[in-house]
Amino acid sequence: MILYDSSYKIFGMGGKSLRILHYDSFDDFMARNSDLDDICENYKKEDNLSFVQDILKSPKSTKAITLRTKDNKKIEATAKVLQLSLASGESMYEVVLLLDEDLLPVANTTYDDELPALRLPVFRYLSMNEQSKISNTMLDDTWFERTSKFLNISYEEFASYLNVLVKGINKNSIALHNALMSHDTTHVAKIISILKEPAVNLHITPLVKIYESVQNDNAIDLGAFILNIRNSLKSLNRLIRKYGRKV
């Protein structure tokens, strides 16, 4: 899968897509390209339309494309766009790359194929003294303004990073809940690692503590975990709406 936000901007790519395109990571892909259409051979999209918008206008939101891999090999694929509705009311889009073998029935889907990597900047870490000041903080305006200043980014930019983080949490929530319920500790650890890293980078200490509680407790209370995550997302979404770019 390849994920796009409500503005049709690419922000994540799953393991299967990376393997198809022969990239090591999403950062590796973005260091060389600005979007998927950059590696499409003989592809022309309509003016003023993004790659995703162009495919959405195609029959069944599907288009046959030829892709150039990182090592300059050509791959014939079918790109299909799915619109995903988030609990916040926003929409995001998933581009699925289907090769010939993918058009046949498959037995199952792995966790790795469902987990997009989140592309967020890595900011400097807090010192122990700075950590103590926010260890019991609430995700409110005071936290938002202080953290934005500490990271040396504008309110609007910080809100945009939080928006990417929230979408990543929503996208991975079902896989995480299933892994927790089935006591699949390997995949719980993998999903938590993906979600925790951007929370650490953005210094969202309350959210980091929630993830650490899962990492450190084999008998996790799933109901309490879901409630804590929902409360954190509710606070973050309010801040995103207040400080984010007004459309």
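I began with a definition: a residue is buried under 20% relative accessible area, exposed over 50%, and partly exposed in between (1.4 Å probe, protein chains only). The model is predicted, so I noted that local features need pLDDT of at least 70 and side-chain atom pairs pLDDT 80 or more, while totals for chains, interfaces and linings use all residues. Residues are numbered from 1 along each chain as its sequence is written, and side-chain values use heavy atoms, with hydrogens and water left out.

**Helix H8**

H8 covers residues 185-201 and reaches 24 Å from its first C-alpha to its last. I recorded among its buried residues Val188, Ile191, Leu195 and Ala199. His203 follows H8 and has a positive phi, near 60°.

**Ala199**

Ala199 has a relative accessible area of 0%. Leaving out residues up to four places away in sequence, I found that Ala199 touches Leu165, Ile204, Leu207, Val208 and Tyr211; contact means heavy atoms within 4.5 Å. The C-alpha atoms of Ala199 and Tyr211 are 9.4 Å apart.

**Aromatic rings**

I then turned to the 7 aromatic pairs of the structure. Rings of Phe, Tyr and Trp (its six-membered ring) pair if their centres lie within 6.5 Å; planes under 30 degrees apart are stacked, over 60 edge-to-face, and the rest tilted. Trp143 and Phe158 form a tilted pair, at 5.6 Å centre to centre and 45° between the planes. This pair links Trp143 in helix H6 with Phe158 in helix H7, 15 residues apart. I noted a relative accessible area of 0% for Trp143 and 0% relative accessibility for Phe158. Ring pairs join Trp143, Phe144, Tyr155, Phe158 and Tyr243 into a cluster.

Terms used
Helix = DSSP H or I, 4+ residues; strand = E, 2+ residues; numbered from the N terminus. Expected span 1.5 Å × (residues − 1).
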